[in-house]
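Got the model open and wondering where the labels come from? Let's go through a few of them together.

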Amino acid sequence: MNSDRRNFIQSLAAATLGVNVVNAKPIQDTKAKNIIYICLDGGMSHIDSFDPKTDKEVAGDTTAIPTAGDFQIGHRLPKLAKVMDRAAVIRSLTSKTGAHRQAQYLNRTSFKQLATITHPSLGSWVSWLSNRDTTIPDFVLVSGASSHPGSGFLPKIKSPLPIVDPKSGLRNSVTDAKLLERMDMLRQVNSKIQSPIADQYNDFYDNTVRFLESEDLDLFDISKESPENKERYGNTRLGQGLLLAKRLVKGDVRFIEVNNGGWDTHSENFEKLDTKLKEVDDAVSSLVLDLQNEGLLDSTLIAIVTEFGRTPKINVNTGRDHYPQAYSTLLIGAGINGGVAVGETNEQATKVISDPYTITDVNATIAHLAGLDLERSHFSPTGRPFRVADYGKIITSAIS
């Protein structure tokens, strides 16, 4: 069994686990109809991307270039610089979490990782609180991280639909007779359980089978894109993942998370960023332009997040180490006050000197633009109250 099919089946099988279900009210007001949440795992250097410095001991070989917005970015992002009038860069993120796994969990859930509970990821919150009756899943995870928290304590049917390889899509991986047979077996097992939860799972199985047999699967097939489009986005996992994300936005999938690793640049930082930042430059600039040209950028929010920044001091291996004290993120599109830089670090990039924010605040801003109620409490199966994005505050200067 290949990895695509195994991951997909596991995500479906997880739905047989019992959970406490709380009815969600449909979202009434939203600026961000669709969300593309890009996680650059490993920790992207803020100094070499969205917060360049003039001090050469700090900057290394990175120089600042002008953008279409009212700020500069690193020279390895020339295409992205041209669309920064639609973006807000937040340069004042700070964190106390400097370990990869814990920081990735914090990014996706807004909570610190605990042994006693798994919190829902932001995509699962959006999917659950959207409360839409759709054939296509409302949360898709492209190139999924193995340690992803998924739906946490929310219903398992709100776990993301995993796409391990964006080039493979779904049709050849999951629509075979064996999978449909297993789905039917799971449905029969649940039909013997007399409970509202079992009824919901049976409905989920029926919807999944309809999805697997529907024409909506074509949305997951990027082979239908022109060779020119594939080349523009870049023949990389990130590029093809964002090309798929664009197709899913056109299909009205609410939340698409795209993971991209390789940002842990303890050695050869600048040489590696020549490649990694070019991937971001090609893929994100193409995504922004395509969504804009198709009239979808005003309703689509793109977020680029990472675990932490990198040390201003360049180490003996010409690398940068983990640095949670200061780093950057980028918000583009729906509801965003374009062309602005929010917050500031000092000239050495060692500390935030104005408007400090956290990833929880970034997620609260995204959730707010998605129409989620940040004040409402939701209860875990053990009765503990939680809020979407914890108690994060909206970054008002980043939104229009």
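Q: Which residues are buried in α12?
A: They are I359, T360, D361, V362, N363, A364, T365, I366, A367 and L369. Buried means under 20% relative accessible area, with exposed over 50% and partly exposed in between (1.4 Å probe, protein chains only). By the way, this is a predicted model, where local features need pLDDT of at least 70, side-chain atom pairs count only at pLDDT 80 or more, and totals for chains, interfaces and linings use all residues. Residues are numbered from 1 along each chain as its sequence is written, and side-chain values use heavy atoms, leaving out hydrogens and water.

Q: What makes helix α12 "mostly covered"?
A: Of its 11 residues (359-369), 10 are buried. Helices here are DSSP runs of H or I with at least four residues, strands are runs of E with at least two, and both are numbered from the N terminus. The cover over the buried residues of α12 includes β1, β4, α4, α5, β8 and β11.

Q: Why is one side of β6 and of β12 left without a neighbour in the sheet?
A: The open sheet has eight strands in the order β6-β5-β7-β1-β8-β11-β4-β12, with mixed pairing. β6 (161-163) and β12 (340-342) stand at the edges with a single partner strand each, so one side of each has no neighbour in the sheet.

Q: How do you know that β5 is joined to β6?
A: Two strands pair if DSSP finds at least two bridges between them. Three bridges join β5 (residues 139-142) to β6, and the two run parallel, so the pair passes that cut-off. In β6, P162 is the bridge partner of L141.

Q: What makes the link from R86 to D298 a polar contact?
A: Their side chains come to 2.7 Å. The cut-off is a pair of N or O atoms within 3.5 Å; within protein, one must be able to donate a hydrogen and the other to accept it, and residues adjacent in sequence count only if both atoms are side-chain atoms. R86 itself lies in the loop between α3 and β4.

Terms used:
Contact means heavy atoms within 4.5 Å.
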